[in-house]
Amino acid sequence: MSTSPRSRTGSGALVAVVIAVVVIAAVVAVLAAAGITPQRLWDSFFPVGGAAPATDRAHATRSLYDIVFAIGALVFVLVEGLIVITVLRYRRKPGQDGLPPQIHGNNLVEIIWTAIPTAIVLFLFVMSWQTLNKVEAKAPEAVHVRAVASRFQWQFDYLDAQGNLTFSQNLPIGDGGGLVLPVGEPVLVSLRSMDVNHAFYVPKFLFKRDAIPGRENSFEFTVDEPGTYRGQCAELCGAFHGSMVFEVHALPVADFNTWYTAQVAKAQATPTPPPSGAAAGPTLELSALNVAFSTAALQAPANSAFSVHFKNNDASVPHNFEIKDSTGASVFKGDIVTGPTETTYGVKALPAGAYTFNCTVHPNMTGTLTVQ
Amino acid sequence: MATTTLNPAAPAYRSGLYEWLTTTDHKKIGIMYLINSIVFFIAGGILALVVRLELAQPGLQIVSEAFYNQAFTMHASFMLFLFVIPILAGFGNYVVPLHLGAPDMAFPRINALSFWLLPLGGALMASGFLATGGAAASGWTEYPPLSGSKFSGAGTDLWIMGLTLIGTSSILGAINFLVTIFKMRAPGMTLFRMPILVWTVLVTSVLILMATPVLTSALIMLFIDRNYGGHFFDPANGGNAVLYQNVFWFYSHPAVYIMILPAMGIISEILPVFSRKPLFGYKAFVFATVAIGALGFSVWAHHMFTTGAVFLPFFSLMTFLIAVPTGVKMFNWIATLWRGQLTFKTPLLYATGFLTMFLIGGINGAFSAAVPVDFAIHDTYWVVAHIHYVLFGSSVFAVFGGIYYWFPKMTGRMLSETLGKIQFVIMFIGFNLTFFPMHQLGLMGMPRRIADYAASAGWSELNLVATIGGFVIAASMLPFLWNVLVSLRSGEIAGDDPWEGNTLEWATSSPPPPYNFDSLPEIRSERPVFDARHGQPVGHASQTGH
């Protein structure tokens, strides 16, 4: 226990103000030095750094966020201000030996500070219910996609009006992959999980929905602007949960229709027969199970073509076999096959050296290929 | 003040290990609860530092993805089940019989059993790190199918067994508290003269008694699914994966109140003493506590808004409404300070820190009650910020306030005020540095429970700030541990009543003798020791509402 008398109490409020000013000035200086402007700081308190939401539903959610934020900020300033004033003003001063007034309560103020928060939360509830009805509204969709989640990738099945599969996008990201959607047309996404719980989350859509085995969730939205939107699994699904990413490519309607027609044509074309035995040389055996290769090291002869007999044992999970050289450049990329199935890839002759192999869909599935 | 030298029992605290291992004294058991909890707090804190180090910059630097998942799973499991809940039970154990003027808990041996189940359960849970495949790694929520036998190893079984024991410990403790509170009160200690801490322990015990068996049933169903071919949660065989979430959160949302109500009780003890005023609106406070307990059972599905499997408006409304009794408490606390004579000893510093951080933790929770906003921020770092403002910024700050407040009673010696204030300042800064930026990370779309993120995501700066903050928090533990070690040996002698307290623990020696009291003051209000010091209770008639 401190035994010194509180002789400094009189200047305490001043000291507190000085400390507060110094701390605030220091914080502002540090932020400015780090290139963080007040505008950027302010924007960081809004979804996706204040960027415009990307769908019709997201605008409604953003408006609701702004209301909650405004009320929350106001409540914080008022109540925190009250705390600070109380703490500064009512510190015990020297010579205060008598007791302060022993006030046990006051029913009127209890009623007031019960009624005001009740009114505020009921207002917020009504606002959020109205917004919820907008977000959950249904309309006849122009495109129906089923996002199929499995550890640790997304596949996008495009369905026709009867709900039958037209074609699948196996690659979740990059050119030629991702969830391709038209701008300005209502889209219906239904979710299916092949194994554990996942969640479809696109930050700029201000929306996520869980993909749960045994249950098909769906939701609708219309994308505002062309562009690429980053998406990611948001429900823990295992070790590589963090790499379960995807992209939404929103295209103008005309571009989308061109792309869609080409995909349908590709899916309907007779698949080319696998080049069985076409490639001379030895055959390497490789299989995939539980999103892992059967081996982490393969050997192949230098300067001679060889084949890879690849068995994909993961039901409903797409895999392939890709070879990258030491610079990371892709030197062979096999077609993606969805298990359970098997195929044989013919690989042209490679110069001697150390290569890595991987699954294009699952960058975490890797191994080394020694060519000698 | 009475001197402790007259007390024949004081030397019992210097007796050997055997005495501690076999004791049924609620005070020793309470202290063992505190020590055990602090050990798991440090273990959980180290795991949190592993998580923060890994997230400090993009790329995987120090652990594998698999270990990362074990780290955050066991961090949360330790902190929730082996730190926050038991340390509050520990304060309850130590303080409630003293507050009631009782010689001990109603069932001292069951009390010892409910303590000893904790280190056992904790060791069982932690032993998962030695199992093949490592410790449980599906998050502290352990949702199936991920926590099923197909995707998770033996660590999950150990986690289930450990948590079942810990739950049993809670249930036994709750029964003990209820019987003690209803049957062991001293003459004159009516229900509406009980300290608020006792009220919060009472409501918490009811919550535990109603909710924890439900958690245990969820865990047993999961165990059967994993080991004996049950299909409770397996949709391929007629089960339902969402069922687990319903049952789990039916416990785990009330559990949030189990983790915060006694902390509110501690704050409600500290504020009146250091403002030299009675708690403003004692009865309103009691009713608000009961209301929070009751509403706490009707909001569980707000953790499941994005499952598409719950009736959204009902749970949204209930979640908003629970802000009302919480707000009432906040205003009553501020009114207690208002026009008081505040002495800024360390316990009051922690209590005012609690008020600020609990305010933030309440406001950022309201965002999640607005369902469409929850669709955006659910399972992002926003939620991590929210839970830490409630459970760390509020519960843990209250815990430290409580340690500084009752350490003199427990040991007879004061903790150093200087070191206590240093710790508070470091911890307050570190806490806000760690957890405030998580709001912004969540808004920017960073999901929780990811081991890595792309440099291009724009999350690197704030993650680095949060990691630095995490180490500042760790640094704040050093003055605390030093303070405890030094003060145990050479701290200032406390005397019976160093703070001019209000409640009965200050009417006995420090530390109290076995069975607590040689004599009791008259109990005519909720502040019997204050009344004994200052004469007739002031305004007592209006308070008790005769």
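This is a predicted model: local features need pLDDT of at least 70, side-chain atom pairs count only at pLDDT 80 or more; totals for chains, interfaces and linings use all residues.
**Exercise 1. Work out whether chain B is as compact as a globular protein of its length.**

Let's start with the make-up: chain B has 17 helices and zero strands. For the extents, the C-alpha trace of chain B spans about 70 × 45 × 45 Å along its principal axes. Then look inside: 62% of the 546 residues in chain B are buried, where buried takes 20 or more other C-beta atoms within 10 Å. Finally, among contacts in chain B with a separation of 6 or more, 81% link residues 24 or more positions apart.

**Exercise 2. Find which strands stand at the edges of the open sheet in chain A.**

First write down the order, β4-β10-β9-β6-β7 of chain A, with mixed pairing. β4 and β7 of chain A each have a single partner strand, so one side of each lacks a neighbour in the sheet. Now zoom in on β4(A): four bridges join this strand to β10(A), and the two run parallel. One bridge pairs A:L179 with A:V248. Helix α5 of chain A lies across both strands, at about 130° to β4(A).

**Exercise 3. Describe the side of chain A that touches chain B.**

Begin with the count: chain A gives 72 residues to the contact and chain B gives 80. On chain A, the elements giving two or more residues are α3, α4, β6 and β7. The largest share, 14 residues, comes from α3(A). By type, this side divides into 41 nonpolar, 21 polar and 10 charged residues.

Definitions and conventions
Residues are numbered from 1 along each chain as its sequence is written. Chains are lettered from A and ligands numbered from 1 in the order in which they are written. Two residues are in contact if their C-beta atoms, placed from the backbone, lie within 7 Å. Ala, Val, Leu, Ile, Met, Phe, Trp, Tyr, Cys and Pro count as nonpolar, Asp, Glu, Lys and Arg as charged, and the others, Gly among them, as polar. The radius of gyration is taken over C-alpha atoms; the globule rule is 2.2 Å times the number of residues to the power 0.38. A residue is buried if 20 or more other C-beta atoms lie within 10 Å of its own, exposed if 12 or fewer, and partly exposed in between; C-beta atoms are placed from the backbone. Two strands pair if DSSP finds at least two bridges between them. Axes are lines fitted to C-alpha atoms, for helices over the stretch in contact, and angles run from 0 to 180 degrees between N-to-C directions.
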